[in-house]
Amino acid sequence: MSELSELYQQVILDHNKKPRNFKRLETANRTAEGVNPLCGDQLTVYLFVEDDVIKDVSFEGSGCAISKASASMMTQSVKGKTRAEVGALFDEFHRMVLGELDEEQTPNQLGRLKIFAGVREFPARVKCASLSWHTMHAALNHQSATTTEDLGPDVVNEQAAG
Amino acid sequence: MIATEKTIQTDTQSTGNAWDVVRIRRDFPVLAQTVNSKPLVYLDNAASSQVPQVVIDRGSRYLREEHSNIHRGVHYLSQRATTAYEGAREKVRRFINAREARECIFVRGSTEGINLVMHGYGRKSVGVGDEIVISAMEHHANIVPWQMLCEEKGAKLRVIPMNDDGELLLDEYEALLNERTKIVGVMHVSNALGTINPIKEIVARAHKQGVPVLVDGAQGAPHLKVDVQDLDCDFYTISGHKMFAPTGSGVVYGKAELLERMQPFMGGGDMIRTVTFEQTTYAGLPNKFEAGTPAIASQIGLGAAIDYLNSLDRAAAHRYEQELLAYATAKLSAIEGVRIIGTAREKTGSLSFVIEDVHPHDVGTILDQEGIAIRAGHHCAQPTMKRFNVPATARASFAFYNTKEEVDRLVAAVQKVIEVFS
């Protein structure tokens, strides 16, 4: 059960139950929809960007505990950050969940997001953790939609057959 | 004395009717392994079933001793390969009681079978304003090809509705049929809900209007006795990998008079009579639909899987599977917060459920940690999920090698999920 309790830590369960910034953002000037066509997870990320800074952020949608908690914590982490800062953080998060970044040894800005390190033991769930990040990134770059199928390296082990 | 007699009687009865699951499990080598330090519980049979040793042996014997291309060589190996491949076709014919072996076209599975009918029959028969009728519970494999055809031809897709138990509404179905209806496509057994559809009735009502019916039998053939003449369906598709054969094996059955009128699905070698740059004439059935070198080893494996099924008491296997399904349904429904999706009176194979406030993916991950393989997701039936207002379900699907003890482990693991998320 240790890997499992690593994955479903209290903080993640709490964000799943009470996701933060879980609403439509009326002031948003960038939005994107993210879907995982293999499992049906779907979310929308709303951004209010001004002077290259994410002034406000929110999300809506449905998904598993990992994707919901990740989206919730993503919104908290990117608020107030510049595009460059967010890009760097996304890169670190992505590499951590893929097991390409040792978050304990290598200096990084992940902070509380390190809680998602356990996902790398569950290859089928990496996409759940990264969907909201990809979607936020698409919104930031003026793309209206992204799917996990367009992503390269974290497309792993999902079940597809009926 | 009386007691002894009774004992003997009971024993006789049980050997006559009981299903010896311990012996059956020994036929499937993959089952004897541990996952996450726990004995594997394989409850994902509707996605793909496991392969018995006799099927593995048959495939490997082919590769060791008989491999060559079929229908081509005059040499010894090609003849042996051809004999084995065509022998598998004859086994399929008997298994579904088709009139003739040439009515059984080898394909990669149900999806390819449905696409073959869409291209070969649909593109020739469907025109602007025509209608294609499918059911609300179809797998994407029996939705998307018809949608593609509708888009190409300017035709309309009509959908047979279902009730809250997951049963098709036959009167509404009949009302959909009219002179514009060109084909009906419906699944024998629902992969997402477990519903057994009344195919004979569905076919009879369509035929009254002169409309042919395609039955997606991917989940039917593994669990039910299929007699295509009795069902009187016009097409029936089978996925070998869902009935104990290797992936890449499968069949689309079609009535000869329909298949003969259809255009080929793919062009290439082995499907022709003569080729010149001006014109090609096609081979007869079944070769017309089998362009290129097929999955010879897999289809021979399908033949071996049919031999294996025939060696079993299939009626007893079916009764046993039904007992397992009833047992699992009772146990899971008794857990607070668990809801069964798909409560049709006639069900087989699949048991879909949701746990209050827990996403099925999380259920799947936690069960996997317990060594239990289930499917979590939309089961390639997104419209069905929408009909029941769920984004996805967890699905346990059974084969005759599963046990009550495995169901108990499933139930305990579901309780653990609820604990983690409480």
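Hi everyone, let's start with a lysine: Lys288(B) is buried, with a relative accessible area of 7%. Keep in mind that what we have here is a predicted model.

So where does Lys288(B) sit in chain B? You'll find Lys288(B) in the loop that runs between β12 (280-282) and α11 (296-311). Leaving out residues up to four places away in sequence, Lys288(B) touches Leu259(B), Glu260(B), Met262(B), Pro264(B), Met266(B), Met271(B), Tyr282(B) and Ala283(B). As for Lys124(B), which is 164 residues away along the chain, its C-alpha atom is 16 Å from that of Lys288(B).

Now for a contrast. Arg94(B), in helix α4 (residues 76-96) of chain B, counts as exposed because its relative accessibility is 55%, and the cut-off for exposed is over 50%.

Let's move on to the cores. The largest nonpolar core has 147 residues, and those with the most contacts inside it include Phe116(A), Met136(A), Tyr236(B) and Phe400(B). Which helix gives the most to this core? That is α5 (residues 126-140) of chain A, with nine residues. Chain B contributes from two domains, with at least three residues from each of domain 1 (19-48 + 313-421) and domain 2 (55-310). Apart from this core lies another, of 26 residues, with Val107(B), Tyr121(B), Ala141(B) and Phe289(B) among them.

Last stop, Tyr236(B): setting aside neighbours within four places in sequence, its contacts include His188(B), Val215(B), Leu231(B) and Tyr253(B). Thanks, everyone!

Key
Residues are numbered from 1 along each chain as its sequence is written. Chains are lettered from A and ligands numbered from 1 in the order in which they are written. This is a predicted model: local features need pLDDT of at least 70, side-chain atom pairs count only at pLDDT 80 or more; totals for chains, interfaces and linings use all residues. Side-chain values use heavy atoms; hydrogens and water are left out. Helices (H or I, at least four residues) and strands (E, at least two) are DSSP runs, numbered from the N terminus. Buried means under 20% relative accessible area, exposed over 50%, partly exposed in between (1.4 Å probe, protein chains only). Contact means heavy atoms within 4.5 Å. A nonpolar core is a set of buried Ala, Val, Leu, Ile, Met, Phe, Trp, Tyr and Cys residues joined through side-chain atoms within 4.5 Å. Domain bounds come from an automatic or database domain assignment.
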